[in-house]
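Q: Got a model open here. Can we go through the aromatic pairs and then some of the secondary structure?

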Amino acid sequence: MVTRVIGSLLMLATLAASAFADTYYFGTQPKHTNITFTSETILETILGNVNAIQGSATLAEGQYSVKLDVPVDQMKTGIEMRDGHMKSEHWLDVAKYPNISFTAKSAKRLDGDKWEVNGDFTMHGITKTRTIVVEATPIPADKGVKMGAGQWMRFRTEFPVKLSDHQVKIAAQAEGKVNDEWKVKVMLYGTTEP
């Protein structure tokens, strides 16, 4: 779930970089990173978030490089015991797979600020190719200066992530309470100043 969000953000970063031929850095400030993930069943709704991300996107002369990592140990659902289960070897296994990652392979502009980004999304050690629509919006300089140094770009996307696609198994005691498909929403800001 978070990995796909990260994938979208990375692709958006790539597109933004193409417009400005600069490198955009992510995760410079937690308040500029907001990734949420939701599991909903008839018995229980789990709302989680993470405000940490690492990575950058660069585009120059038609060649780009995008890599984004979300640290699993920073994911929170509001219940400490549930967070422990989520990060344990039976779920996301943070000790073995510390990050959910996305690496862009291609991107094309659809219209306006919207881009279609294709790349490798890795969660729980399993990599899947994903295509995500990302909205990359430049922040006007007079407003960006309030956020910090550099030029700023806002990246937004949302997409579903299936746990079973990444061999994450729902424990018997959690059946009916945890959905196999999680909804991920990403709001990420990138700056040209690391």
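Q: How many aromatic pairs are there, by what rule?
A: Two aromatic pairs. Rings of Phe, Tyr and Trp (its six-membered ring) pair if their centres lie within 6.5 Å; planes under 30 degrees apart count as stacked, over 60 as edge-to-face and the rest as tilted. This is a predicted model: local features need pLDDT of at least 70, side-chain atom pairs need 80 or more, and totals for chains, interfaces and linings use all residues. Residues are numbered from 1 along each chain as its sequence is written, and side-chain values use heavy atoms, without hydrogens or water.

Q: What geometry do Phe26 and Phe155 have?
A: Their ring centres are 5.4 Å apart and the planes sit at 65 degrees, so the pair is edge-to-face. Phe26 is in strand β1 (residues 23-26) and Phe155 in strand β9 (residues 152-162), so the pair ties together parts 129 residues apart in sequence. Strands (E, at least two residues) and helices (H or I, at least four) are DSSP runs, numbered from the N terminus.

Q: Are those two buried or exposed?
A: Both Phe26 and Phe155 are buried. That means under 20% relative accessible area; exposed is over 50%, partly exposed in between (1.4 Å probe, protein chains only).

Q: And Phe37 with Trp182, what kind of pair?
A: Tilted: 5.9 Å centre to centre, 35 degrees between the planes. Phe37 is in strand β2, Trp182 in strand β10 (residues 181-191), 145 residues apart. Phe37 is buried at 0% relative accessible area, and Trp182 is buried at 4%.

Q: New topic. Which residues of α2 are buried?
A: In helix α2 (residues 80-87), Arg82, Asp83, Met86 and Lys87.
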